[in-house]
Structures are given as structure tokens and as C-alpha cells.
Amino acid sequence: MYDYFNYAPKSIAHIADQARRAEKLGFDSVWVMDHIFIQRSSGRVLAHDPMLCLMYVAAATERITVGTLVLSHAFRHMGQLAREASALADSSRGRFILGLGTGWHRPEFDALGLPFDHRVGRLEEALEPLQRLLRGEHVSVQGEWVGLSDASVAVTAPPPPLWIAAEGPRMLALAARANGWNHAYWGAEDITRFVQALGGLREAITASGRKPADVETSASIACVLNGWREIPGGFREPEVAVGSAAQLAGVVRSYAAAGADHVILSLSPDPYAEFDPTALEKATEILELV
């Protein structure tokens, strides 16, 4: 979605080209983030709207799954979000996954004049109305934060699977009511937090009367192929996996063995290496070894 070195947004055509290349190389899915901006000490990360990007990507590809990792529900009214998601489910011919989260970057909320409080509570209240709208139902609800009066949206395709990004107990309870769950970036090589969160998810699924198989599980990890772990100041943080294709394939297998149905790779460039336009092609070495 953006250039790692200068934080400039990538064009939608560039994003679609990456998706086409990923599809040709054998990847199963491609994902986009949802940030108006991310303020960092060295600059501001900018990116295009994820739903519009994926609409273009869906038209430019044939097989690959497209998804949001993850959409901040706070940026859109539930009725408008359902409308956009329903259109994307149709245009992608069932290849779209709607990933949702609460949002975490307060400067975005402040810039847009959006409340930052009760983010989990707001999503708890919005989830069921959103699911019903995506099924084509008429929805009326007057909650503390969500208000709908006989709302409905055009539905011309089956509703997209809805995934929730979660780690805490209340968010895991929401994920237990959804189609899928994502655990993102909290430890790449150390899977402890993933295992703990998965245990909480399974408890929440059982408590809701569903079966674990009803909820797809995924882990997102940032990785650098053939990176420079030994260089001070490089990608040494625990949330980034660094190593050879064989080492990174081993990390992917460890998540699969722990219970992840999907492992989503953020192919982060190494800050000590020149940008490599063939990085996506080289990453297929990981696929071949998994």
C-alpha cells in the first residue's frame, strides 16, 4: 500500500500489479490495510482507500482471494460499510474477505473528529447489524452508538466471510461469532501469544455454542527474506522474522502446527538493502518449502 522507504502511497495500478504477480506466483490471497495515515517520527504513512483498491484488484485478477487486514469499522457507518462490502463480494465473485478491527492509531481518529473511546464496545454493538445487512435483511437498531432504521443494502451475491482481528477476551468473543479470526504481528518466530490467543478463541467459540471448525484462523507475520539480523539497528525486533527461505518456511510451519489455517506474510524490505522489485518472486522460495 505504501513505499517502506519514503512512506509515499503506491498507486492503485501498482497495487493491482502486485496482486496479479502474487496470483501468477501461486499465492492464495492478497491483503490491504486501512489507515487514513500513520504518523511516525520520520514521516507520515499514506495509503489509498482499501475498498476502492480491492475493487480494482478484483477486476485485475481471476483466482486470488482479496481481503482487508483489517478495516477500521470506526471510519465508516455500518450501512455504508455493508453497501461497499456487498458490492465487493459481487465484483470479486466470492473472493473477498471482510476483515474488521477497532482501529488503534489515535492521531487518525483525532484528525477525523472520531471518538477514540469504547472502541471495542462500538464494534460489539455493530457486528450483528452488519452481519444481518450483508445477508440482505432489513435492520432497525437503536443502540448506544449504532442507529439504523429499516436499513438495507443491495445484495446480489452471498455475503463475504467476516473476520475479526483479536487478542483480548472481548474481541475474541466477537471473533467467535464471525467466520474467521486474525492474530497480527505479535511475535513472528515466537508463537506464544498466538497460541494463548487461539486458546482464548476456542474457549469463546465453545461458550457461544459453535465448533472450532466454524471459525477460520489466521496469523499475520512480518518477515524479511535473507535479512541482516546481525546488524545493529536493523530488523531485529521480535515481531519480524528474518532468515533464509528455509528458516522462514519453518516459521510458517510452526504457526500451521499451532493451529493457523492461514499464514499471511508481510514481505518487509530490509532497511540495509536496496529495494528489490523481485522480492515477491523470491518469496516463492518460502512457499516451495512449506
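**Exercise 1. Locate Arg93 in this predicted model and decide whether Arg93 is buried or exposed.**

Solution. Arg93 is found in the loop that runs between helix 3 (78-91) and strand 6 (96-101). Next, consider the accessible area: the relative value for Arg93 is 56%. Exposed means over 50%, so Arg93 is exposed. Finally, examine the backbone: phi of Arg93 is near 55°, a positive value in a residue other than glycine.

**Exercise 2. State which element holds Asp150 and what phi Asp150 has.**

Solution. Asp150 belongs to strand 8, which covers residues 147-151. Its phi is positive, at about 50°, although Asp150 is not a glycine.

**Exercise 3. Identify the type of peptide bond that joins Leu69 and Val70, and place Val70 in the fold.**

Solution. The bond between Leu69 and Val70 is cis, with omega at about -15°. As for position, Val70 is part of the loop between strand 4 (65-68) and strand 5 (71-72).

**Exercise 4. Describe the surroundings of Arg122 and determine whether Arg122 is buried or exposed.**

Solution. Begin with the element: Arg122 sits in helix 5, residues 119-134. Then list its contacts: leaving aside residues up to four places away in sequence, Arg122 touches His73, Pro115, Asp117, Trp145 and Val146. The last step concerns accessibility. The relative accessible area of Arg122 is 17%; buried means under 20%, and therefore Arg122 counts as buried.

**Exercise 5. Classify Cys53 and Cys223 by accessibility, and give the count of disulfides.**

Solution. Cys53 has a relative accessibility of 0% and so counts as buried. Cys223, with a relative accessible area of 3%, is buried as well. For the disulfides, the rule asks for a pair of cysteine sulfur atoms within 2.5 Å. By this rule the count is zero.

Notes: Residues are numbered from 1 along each chain as its sequence is written. This is a predicted model: local features need pLDDT of at least 70, side-chain atom pairs count only at pLDDT 80 or more; totals for chains, interfaces and linings use all residues. Side-chain values use heavy atoms; hydrogens and water are left out. Buried means under 20% relative accessible area, exposed over 50%, partly exposed in between (1.4 Å probe, protein chains only). Helices (H or I, at least four residues) and strands (E, at least two) are DSSP runs, numbered from the N terminus. Contact means heavy atoms within 4.5 Å.
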